[in-house]
Amino acid sequence: MAAMEEDNGEFYLRYYVGHRGKFGHEFLEFEFRPDGKLRYANNSNYKNDTMIRKEVFLTPAVLKECRRIISESEIMKEDDNNWPEPDRVGRQELEIVMGNEHISFTTSKIGSLVDVHSSQDPEGLRIFYYLVQVIAIYKHEYLFECSG
């Protein structure tokens, strides 16, 4: 992907992880929107907890760094055909639009690296697993530092 296209094209990222269980639909979801808005929702009904929602606007420099992380991960080259299917334990979804490229992945919840290594595509799932970890940390840093 050309650097110019990467910097100037559309950018969107959405990550979801959740399941339906005895406490209802519990999930965590966040998205980086093209206008710079970072949206976060965490729904846990455990002990009658309520949904947490937060939103902040990110600077162009922060979005550029997020795009760099995604680009360097090479996740846009991956395919989820051989990844574990969502099951009763839950599902994860990752959707990314960068420039003219659009990917969407769905897999089961990953409990540990053992799940990654025992999959039919350990290299691809490893890239997914680590990218999600990095983006989640990145999101947390800006969401909770900026919004107070």
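In which strand does Ser-108 lie? Ser-108 belongs to strand 6, which covers residues 101-108, where a strand is a DSSP run of E with at least two residues, a helix is a run of H or I with at least four, and both are numbered from the N terminus. The model is predicted, with local features needing pLDDT of at least 70 and side-chain atom pairs counting only at pLDDT 80 or more, while totals for chains, interfaces and linings use all residues. Residues are numbered from 1 along each chain as its sequence is written, and side-chain values use heavy atoms, with hydrogens and water left out.

Ser-108 itself counts as buried because its relative accessibility is 6%. Setting aside neighbours within four places in sequence, Ser-108 is in contact with Pro-84, Glu-85, Pro-86, Asp-87, Gly-90, Arg-91 and Gln-92, where contact means heavy atoms within 4.5 Å. For the protein chain, among contacts between residues at least 6 apart in sequence, 50% join residues at least 24 apart.

Side chains of opposite charge can pair when their charged atoms come close. The count comes to 12 salt bridges, each being a side-chain nitrogen of Lys or Arg within 4 Å of a carboxyl oxygen of Asp or Glu. One of them joins Arg-14 to Glu-93, with the closest N and O atoms 2.8 Å apart. This pair links distant parts of the chain, for Arg-14 sits in strand 1 (residues 11-21) and Glu-93 in strand 5 (residues 91-98), 79 residues apart. Both Arg-14 and Glu-93 are buried.

Glu-93 also forms a salt bridge with Arg-91, whose closest N and O atoms are 2.9 Å apart. Through salt bridges that share partners, Arg-14, Glu-29, Arg-91, Glu-93 and Glu-95 are joined into one network. Within this pair, Glu-93 is buried because its relative accessible area is 18%, whereas Arg-91, at 31% relative accessibility, counts as partly exposed. Another salt bridge connects Glu-74 with Lys-77, the closest N and O atoms being 3.6 Å apart; here Glu-74 is partly exposed, with a relative accessible area of 41%, and Lys-77 is exposed, with a value of 65%.

What remains is the empty space inside the model. Rolling a probe the size of a water molecule over the atoms shows where empty space is left. The count comes to 1 cavity of 30 Å³ or more, a cavity being a set of points, on a 1 Å grid over the protein atoms alone, where a 1.4 Å probe fits but cannot get out, and its lining residues having an atom within 4 Å of a point. The largest cavity is lined by Leu-13, Tyr-15, Phe-30, Leu-94, Leu-131, Val-132 and Ile-135. Strand 1 and helix 4 (122-147) are the elements that give two or more residues to this lining, and helix 4 gives the most, with 3 residues.

Technical notes. Buried means under 20% relative accessible area, exposed over 50%, partly exposed in between (1.4 Å probe, protein chains only). On a 1 Å grid over the protein atoms alone, a cavity is a set of points where a 1.4 Å probe fits but cannot get out, and a pocket is an open set with protein on both sides within 12 Å along at least five of seven lines; lining residues have an atom within 4 Å of a point. Grid points are joined across faces, edges and corners, and a volume is the space filled by probe spheres set on the points.
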